[in-house]
Amino acid sequence: MKNKISSSVSRIDTPEKTGGKASYIADIKLEGMLHAKTLRSERARARIKAINCPNLPEGYFIIDRQDIPGKNSVKMLIDDQPFFADGIVNYIGEPILLAVGPEKETVNWIIENTEVEYEDILPIFSVDEAKDPAKPPIFQKNNIFAEYEIRKGNPEKAFEGSHRVFEKEYRTGYQEHIYLEPQGVIGTYDDGRVTVYGSMQCPYYVKTALIHGLGWNEDMIRVVQTTTGGAFGGKEDYPSIIAGHAVFAALKTNRPVRLVFDRAEDIQSTTKRHPSIIKIKTALDSKGTIIGMNVDITLDGGAYCGLSPVVLQRAMFVSTGAYNIPNVLVRGKVLATNNVPSGAFRGFGAPQAIFAIEMHLNSLAENLKMDPLDLKKKYLLKKGDPTVTGGKLREDVKMPRMISLLEDISGYRKKKASFHKKNARDLRGIGISLFLHGCAFTGSGERDKIKAKVKLRKEDDGKVSILVSNVDMGQGPQTTLRKIVSKILGIPFSQVLYDNPDTDRVPDSGPTVASRTVMIVGYLLSRAAEKLKTEGKTEVTEEYIQPPYIEWDQENFIGDAYPVYSWGANAVEVSIDPDTYEIKVESVWGVYDVGTPIDEQIVYGQIEGGISQGLGYATIEVMESREGGLMQRSMTDYIIASSVDFPGAEKRLIENYYDYGPFGAKCAGELPFVGVAPALAAAVQNAIGVPIEKLPVTPEYLLEAAEGGN
Amino acid sequence: MVDTFKPQSLQEAVDVLSDKGAILFAGGTDLMVQRRRRGGLIPDFDRPVILIGHLKELKEISNSTREIRIGSCCTYTALLSHKAVPEILKTCVSQIASPGIRNRGTIGGNICNASPAGDTLPVLYALDASVILARDNKERVLPIEKFIKGPGTTVLEADELLTRIIIPHSSFNKFFYKKVGTRAYNALSKISFTGLALKKLRAVEDVRIAFGAVSPTVVRSKDIEAQIRGKDIDAIQKMIPEILSHYSKLIDPISDQRSNRRYRKTVSLNLLNSFLKNYML
Ligand SMILES: Cc1cc2nc3c(=O)[nH]c(=O)nc-3n(C[C@H](O)[C@H](O)[C@H](O)COP(=O)(O)OP(=O)(O)OC[C@H]3O[C@@H](n4cnc5c(N)ncnc54)[C@H](O)[C@@H]3O)c2cc1C
């Protein structure tokens, strides 16, 4: 039975976006507005000895660290990142100063004619070098941004008593967001207040960063999100930096200042998905049963901490995947290097961890002469099982049904058998991945850190305004949140208003991250709507209350790491060119449990996009850092999929009502991304018979894997 | 800002060009990328620009019993829709860029740009193409391999313009063209392979082999082709290891942000091997 809320409506933002009417930050021109351009470090690690700017023409300005009224540090988890380099640069592309003025040409001329004298410091380019005591550390004494451990059962004893140990190492590379709209902000200063307009996911993060950077009272600062052309996590933390830049410039020049990146600048200087090295050791008893597991995760955090500790936590919380493994020790570390800072990206640590555990189990199954799917089914988490953090799974896990549906639609078993008999020039393979994604903030984060607040207000004309700080960056809340509210109030969709958030108007309902918008914010809105309807008020504010079942110890990572999980299973079929090792994706299938989909079409859109982005991550999106400089610096060299590269996916949704989500909805935004790469890699492994232990799976890598040596 | 000329005829274009130092602008799909500047600044054209992409004389395709002549400003789209254009060239062109770029990009631009990754070049080498260069009432004809000097360099003089490409007719009944890019469309070549042969009964009467993007310029060896020509397929079968080793010496790829030397070299030879074993014989 299909829930009525799931029936699709036309997305409200489609006409203005497809019609070219939407106004993005680069379309906005304010009177007297100045242009800004950033002078960036050309060195990976150096002391700045001197900066020599040319004589500035009238009306042109340099903005640097001396123009920051408050603290020269961007408020995040650890405030180690300066707005403008503070005498030292730590990565190629780090902002040093801005040139600002009325003509772009002249601003550009100032940047090109400013010389920086550097004195190099011994750089750290890799996580291995980060552990080398001979190199002066970048961060504190040991270069470790964060280091954690999770235990379940008694892993030491399991390994001691094991019959044998199966061990492998997995590596994943960078991924760049390539949101359609590059980063951009406008800062203004009027009547003692600053306003930032910009392309962003988290208006209140930006506001908090400005409070610190300016050292001002919060009511002197306003942040307005402008229509955002994609983000994928890349506009979670980064906009705080450039919002600071634009505001400091506006203060100094007393004019509106716009800072908009071009594509190359965006690729070269903004955050990326964390590269990872994950070692997994599995303890087996004499019958080949898994009795314990050690997972060791190392992430390259780049030059500044940013959100890395949380990315690591989220990787660790799903490090044993969708499985109930007894006796686990998970160790994780994020290290500082002189690479571009790593940051938030759809999946947030989970894609790396899920790739490693899935590939590990695939190889283990081959080693045990079993089909991977049969091995995985044996250990699948089910209701009542303990998670890796010892939380109890309270939800119905529908994976068995989802897997059998996936087997049916993909023809997995039959294909597996027939691909076995192929000849050397017919390289075909099929692979499956099983995965889960934790919805919203970890543990009690929603209660202790975010404390979301939403507001609904009845306007004079009878329309109802949604007042939240969450943004539509293409993922659909302009439509889904309206749907939730209009359905409960029993008013037409068009009677619900939801403008781009403006911190002067909306309460802080938290950042637009962690697939939390529909499940957390949508649920608060649904409760607010119920009250608005029954209590006859004109305005209702609703605050987050933690579901009573959640138990979480943030110090020791024990308990419910997430309020609930969404689940998925993917199958991918590939063929491989025997001469060139090029991978052709022949078919993709996906079955998902996202609770109740609030609009099927939007969820399908997330799935198609997630699959395409996931297949790109798995195959063609190559980004490497050589001596701190990115090798792929433009879209000519950093290749993302076009519409002809991958086939459309065959996708199914299985309903599974969640009591604390609006109409039963859980999370859907990140889930479709996380399982794709391991399914692709499993298919390739099946096709060429060589274990795949690295992402992306390029033809160059396959050639080496297949032919060996150098 | 620089002066931009839009001549009404080829003659006028040649006249303006002899004024020296002008940049010929056909489709502009290479020029606008090479001369772009960051952050919304206007592109950097430091010399006057002559637009030639619209000139009728340069957009003609004529076919005779001996050869086909292609105007330098024929777009890829135009080549694809003309029946006299050799199949192998069409196969190659259909894999260049994307529809929008194929509507603007020209074959003359691809040749004059002389990029090691220029996709029409290996096919033109294999087809024994020549180019006609014009200046002030004078013309010269050069085989394509004499026209291209190295990566990004040609023998084109500052006052010269490429007007036509001549492709002599030849007949082949075996074709193998393979472009290895990073994605299905709109990707520059890591490697391209062009193989053509005319097989009659058991003998190979003609053969052409060319590699793109794996050396500073196209790799084609008329010597090795001569050794294959006229042989019967059993003899060629035996020669395969020797043929591979000959080409192995000529293929000298680089490692860069798109691929690496080992891959380019191994895969070039795999493709050659595949052509010799699976397509030609
Ligand atoms: C997105 C994209 C994808 C691309 N994909 C491919 C690809 O897959 N394969 C590939 O090979 N190329 C590709 N290219 C490159 C480019 O499109 C081709 O090289 C195209 O053929 C260039 O032709 P044009 O007319 O646009 O050249 P232009 O940019 O107009 O000119 C290129 C050069 O040739 C000179 N020139 C042009 N015409 C003449 C003439 N008649 N006489 C003398 N000099 C002349 C110009 O002065 C300039 O130096 C791609 C480009 C882009 C932007």
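## A walk through chains A and B

Start by selecting F348(A), which sits in the loop between β15 (328-336) and α9 (350-367) of chain A; helices (H or I, at least four residues) and strands (E, at least two) are DSSP runs, numbered from the N terminus. This is a predicted model, in which local features need pLDDT of at least 70 and side-chain atom pairs count only at pLDDT 80 or more, while totals for chains, interfaces and linings use all residues. Residues are numbered from 1 along each chain as its sequence is written, chains are lettered from A and ligands numbered from 1 in the order in which they are written, and side-chain values use heavy atoms, leaving out hydrogens and water.

Now check the backbone of F348(A): phi is positive, about 50 degrees, although this residue is not a glycine. Most residues other than glycine have a negative phi, and most peptide bonds are trans.

For the peptide bond, go to L695(A) and P696(A), which are joined by a cis bond with omega of about -5 degrees. P696(A) belongs to the loop between α18 (676-688) and α19 (699-707) of chain A.

Next, show helices α10 (residues 372-379) and α12 (residues 412-419) of chain A, which pack at about 140 degrees with axes 11 Å apart. Axes are lines fitted to C-alpha atoms, for helices over the stretch in contact, and angles run from 0 to 180 degrees between N-to-C directions. That angle makes α10(A) oblique to α12(A); under 35 degrees counts as roughly parallel, over 145 as roughly antiparallel, 65 to 115 as roughly perpendicular and the rest as oblique. Select P372(A), L373(A), D374(A) and K377(A) in α10(A), which meet Y412(A), R413(A) and K416(A) in α12(A), contact meaning heavy atoms within 4.5 Å.

Finally, move to chain B and center on the ligand. Its shell holds 31 residues, and the closest are L24(B), T29(B), D30(B), Y76(B) and T106(B); a residue is near if one of its heavy atoms lies within 4 Å. Color by element and look at α6(B), which gives the most to this shell, with four residues.

- A backbone N or O atom of L24(B) is 2.6 Å from a ligand oxygen atom.
- A polar side-chain atom of D30(B) is 2.6 Å from a ligand oxygen atom.
- A polar backbone atom of L162(B) is 2.9 Å from a ligand nitrogen atom.

Technical notes. A polar contact is a pair of N or O atoms within 3.5 Å; within protein, one must be able to donate a hydrogen and the other to accept it, and residues adjacent in sequence count only if both atoms are side-chain atoms.
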